[in-house]
Amino acid sequence: MTAFRAVVWKEARENLKVAAAAFGIVSVGWLLVLSLDRSVASSGLSNGGPSISISMFTFTSALVALMIGRSMIIRERRGDAWAFLTHRPVQRSTLFWAKALVGALLYLVAAGVPMTLALLWQATPGHRPMPFDWRMTLPDVADLLCGLVYLGAALVVTMRTARWYASRYLPIGAAIFCSTAVASVQTFSMAAGIVTLGLLGIGMAARGLFIAGGEYAAESRWNRAMLGVTIGIGLTIAGSVVLGILNLVMTFGTPGATTVRTTDYELTSDGQVVQMTTVRRPLVASTQVVDVRDLAGHALPQYHDSASRGASLQAGVISTTAIPINPSGDYSAFAAGLGYRGTGDLFVQLSQPTVAPSAVSWFFIRRLGLVAAYDNPSARLIGWMGPDGFSAGPAQPSHRFVGALDRYTELGYKQPLLAFPSAVYRLDLSHRSITKVYRAQPGEVVVGAAGSGDSTAALPQYGPNAQFDAIATTTSVRVQSFAGQPEITTPRDPRANGYGELVVSRAVRAPGAPTVLRYSPKYGTLANAQREAATDQIDMVGANDLLVAQYTLPRDTTATDDGPDWPTLAVTALTTPLVGRITASLYSRLTKATSGRARTLRAPLIVGWTLTILAALMSAALAFGIARTYAFESDRVWLWTTLGLALGGLGVLLMLALIEWPPREACPSCGRKRVVSREQCEHCGAAFGAPAIDGTEIFEPAA
């Protein structure tokens, strides 16, 4: 312990300046973020929470961790400092743990103190016009912990003897993968588990390299395996970037990249449901309807030219946004948002459909069942909105909304309707008023609601028919005026059992202004295979709740003009590991995720499997040849051959990145090339001859 304390004190003194610089970097990052956040929030343009799962602290914490980790090793890797360090009467593992401890403490102080101060500033009333919950600190805590993985990656990078332009920096890829996974999962416990696994893997690799002096061959088997996993992840990320660039180069300018043909089914201004083919050119932001047919595939003469297929084709068709209709459906992308890294589980910002600066920000706080109002310039709470209306001041009203706020399938809750299991309310934020427009009937539960003015403007020239609300319950769909007067009430279509979304449209220019209910299997509870095969169901309802027609639509299709992208398919197949393709195939079969459309892709599927198998066999042969050339033992030969077969090119690259390759010289006995690291020639068994005596020897030759 005396030696351990001495090393700890030495490392702390030597690396204090780097820690101070890291503290400054993180602090400046937080100052920039907080000042920008305050400026945007005070203008009324804030969305109440993060829109992406990464932040400035995600980058600054990783950067300073790499800085501190490098500084812990770099001095001893120069000149004879390493020999001076390791020849002390202290075990190398003791030296490693002392460095790791000091590095972790310096990092946690340099990154954790500014983070804590920033979070305390955010939690103080008057600094941000939005609610604060302690769970909002979890994303930054996860990033702080993930920085420890970057610290370990820096230790591995600095200890390895690999070339800087080859594989030295690949271990950082494992830390990047850890950050990506931490930012992608939904819960903090999952993020903590990922960080723990990352620390165990990269910690074993770093400790093994330190004890072995940076030499791969001197490490234990488990440490070499962890180092291999770490570098393999880095190779995968680097390869993905290279292949992505290659794919862009190969596909840029091709018809598939410049023209996308889409066939879907839409309601036209004359009240028909038609098959509409659209050509979209993303590079020039051009979209054109090129063909209109009826559901049987027959051309419609009234849409024979481009003029008739122009803007008037769907003029007067007013639609709601997609309404969630399945309480058990998977709406996590919208209901939970970013999981623990977002605020969707805590509160939802409410706003009008039009985006404009506002003096007041409104938030529905889930745990309170109330809408909180914040003044943007002062960032202070100014009142609450409940079922009985607005009440000024900090005191919360006793009457609250009952049940959870129903899901909404657009990013941002930009609608005036608040749907709860037992009632639907219309919210007027500009006048700070609220009105109950629907009460659930006995035996039914409201599952979603949307108005015609939420996403598409209900233009005044179309009259009152263009302004309606659609309310979906567990048993029926109700369409009513903005004032709450019923217009249509129809039972849920039994053909759409297990479906997840409903869009209500109305062709206000058509005779009788028919209303169309379109059910979609998206986000429903159907099994994967059923969902892939299921198609949209349409109910057309006229006056007096009369069901005019029902349609089962074919699947919408999207295809490029040139069919399968064979060059991209070939590159993907050749670079996909055989074990990865087998795993994906087994997963698809076990989860029954294979769709009926897979049968139409039989030729590309066969070509893909063939190329993957060929690439695996060539990689195995290459790994076998390299191993035999450098005289690997039999078990190592078959290990790398197996890895080449399973991982393909990744296995061969991993082999080249991990192993130190000794020079090869001609054997004096047999003349064949032999590795200089062996006592005897691997071909003929002859030993190296003694060097010629030239008078510089300091030992007598052996008798």
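Predicted model: local features only at pLDDT ≥ 70, side-chain atom pairs only at ≥ 80, totals over all residues.
**Entry 1: the greasy patch**

I start with the rule for patches: they are made of residues with over 30% relative accessible area and no salt bridge, with nonpolar side chains (Val, Leu, Ile, Met, Phe, Trp, Tyr) joined within 5 Å and like charges within 9 Å. Areas come from the Shrake-Rupley method with a 1.4 Å probe, and for residues only the protein chains shown count as cover. A salt bridge here is a side-chain nitrogen of Lys or Arg within 4 Å of a carboxyl oxygen of Asp or Glu.

Numbering runs from 1 along each chain as its sequence is written, and side-chain values use heavy atoms, with hydrogens and water left out.

I looked up the nonpolar patch and got F23, V109, V113, L117 and L120, covering about 440 Å². Helix 5 (residues 92-123) contributes the most, with 4 residues. F23 sits in helix 2 (residues 16-43). Helices (H or I, at least four residues) and strands (E, at least two) are DSSP runs numbered from the N terminus. I have F23 down as partly exposed because its relative accessibility is 33%; the classes are buried under 20%, exposed over 50%, and partly exposed in between (1.4 Å probe, protein chains only).

**Entry 2: whole chain**

I count 17 helices and 24 strands in the protein chain. Its C-alpha trace spans about 115 × 65 × 45 Å along the principal axes. Of 703 residues, 44% are buried.

Strands pair if DSSP finds at least two bridges between them. Strand 1 (residues 260-267) runs antiparallel to strand 2 over 8 bridges, and E266 has V274 as its bridge partner. The two make a hairpin with 5 residues between them, and G271 in that turn has a positive phi of about 90°. On to strand 3 (residues 286-293): 7 bridges join it to strand 2, again antiparallel, with T277 opposite D291. How many residues of strand 2 (residues 273-281) are buried? I get 7 of its 9, so I call the strand mostly covered.

D291 came up again in the salt bridges, where its side chain meets R293 at 2.6 Å, N to O. D291 is partly exposed at 22% relative accessibility, and R293 is partly exposed at 28%.

Next I traced an open antiparallel sheet of 5 strands, in the order 6-7-8-9-10. Strand 6 (347-350) and strand 10 (389-392) are the edges; each has a single partner strand, so one side of each lacks a neighbour in the sheet. Strand 6 is joined to strand 7 (residues 360-365) by 4 bridges, and F347 faces I365 there.

**Entry 3: salt bridges**

My tally is 18 salt bridges. Buried or exposed, D143 and R341? Both are buried.

K10 and E11 also pair, at 2.7 Å between the closest N and O atoms. E11 counts as buried at 1% relative accessibility, and K10 counts as buried at 11%. I then found K10 and E11 in a salt-bridge network that also links E14, E76 and K99.
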